[in-house]
Amino acid sequence: MSKDTFEIGGRTLTSRLFTGTGKYGDDGVIPEVCEASGSEVITVALRRVDLESATGNVMDFIPEHMQLLPNTSGARDADEAVRIARLARAMGCGDWIKIEVISDNRYLLPDGYETVRATEILANEGFTVLPYVNADLYVAKALVDAGAAAVMPLGAPIGTNRGLKTREMVRILIEEIDLPIVVDAGIGRPSEACEAMEMGADAVLVNTAIATASDPVMMARAFGRAVRAGREAYLSGPGAKRVLADASSPLTGFLGGAA
């Protein structure tokens with residue numbers, strides 16, 4: 001498994017678990033979460049970053065080895081997302097950006113059209129764009145054409161911990177889209193992350209399920225192990241499902257060949 005790497009934006013990654021920085025009761029636990037999970041990519045909302053703060057900010061707790069993935073949380077259209085992305089780069093946060101364009105305040109579902117528009121603009125400006133979208137094949141194809149570096153379909157509405165509710169649509173994206181598929185939002189249990197990886201997802205992003213656990217560090221470790229187990233299961237080539245029973249041991253020929 002040490003050679004089972006994948007690449008996004010020119011960076012080779014060994015961990016297939018992305019983590020976040022939101023909802024922790026104490027940001028001081030973030031370094032322990034990163035270590036326990038084995039994650040190499042961490043997302044942060046730019047609105048939580050204050051580089052001039054005298055009392056510290058979330059950036060102070062992100063380990064230096066982590067690939068920073070600023071997100072455009074709060075953007076309601078493509079223009080706002082582009083403005084946030086440019087600001088993040090100007091602040092020294094790098095060229096990676098997670099596009100979130102959400103104008104729906106009740107279900108927090110991403111706007112596919114505005115997301116594609118923002119992706120095209122930012123990809124042309126040299127950003128490594130990871131757009132968060134509904135699990136929609138046609139939106140995903142448009143993102144490929146727009147220059148996205150990966151596609152991040154939701155598993156369930158953001159922050160709900162409801163699991164992989166879009167599994168069949170995500171499966172279609174895995175089969176049809178020639179970009180890394182990172183399942184993002186809604187995954188609430190390590191077993192659900194494992195299922196996504198067993199299906200062939202390239203990675204998962206988990207924030208709420210870890211941050212709101214009674215023991216975030218232990219939960220981060222559990223997610224890290226589950227993601228690795230799911231990936232190994234996918235690579236092993238699971239046997240086909242059957243309708244009829246099929247004994248794993250012979251039912252005849254016992255005791256010296258007697259039928």
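Which residues in α6 meet which residues in α8? This is a predicted model, in which local features need pLDDT of at least 70 and side-chain atom pairs count only at pLDDT 80 or more, while totals for chains, interfaces and linings use all residues. Residues are numbered from 1 along each chain as its sequence is written, and side-chain values use heavy atoms, with hydrogens and water left out.

**Helices α6 and α8**

- P190, A193, C194, M197, E198 and M199 in α6 meet M219, A222, F223, A226, V227, A229, G230, R231, A233 and Y234 in α8, where contact means heavy atoms within 4.5 Å.
- By class, this contact of α6 with α8 has 13 nonpolar, one polar and two charged residues (Ala, Val, Leu, Ile, Met, Phe, Trp, Tyr, Cys and Pro count as nonpolar, Asp, Glu, Lys and Arg as charged, and the others, Gly among them, as polar).
- Helix α6 (residues 190-199) and helix α8 (residues 216-236) pack at an angle of about 25 degrees, with their axes 7 Å apart.

**The largest pocket**

- The largest pocket holds about 610 Å³ of space; a pocket is, on a 1 Å grid over the protein atoms alone, an open set of points where a 1.4 Å probe fits, with protein on both sides within 12 Å along at least five of seven lines, and its lining residues have an atom within 4 Å of a point.
- Among the 32 residues that line the largest pocket, K23, S73, E100, I158 and N207 are the closest to its centre.
- The lining of the largest pocket divides into 11 nonpolar, 13 polar and eight charged residues.

Methods
Axes fitted to C-alpha atoms, helices over the stretch in contact; angles between N-to-C directions. Helix = DSSP H or I, 4+ residues; strand = E, 2+ residues; numbered from the N terminus. Points joined across faces, edges and corners; volume = space filled by probe spheres on them.
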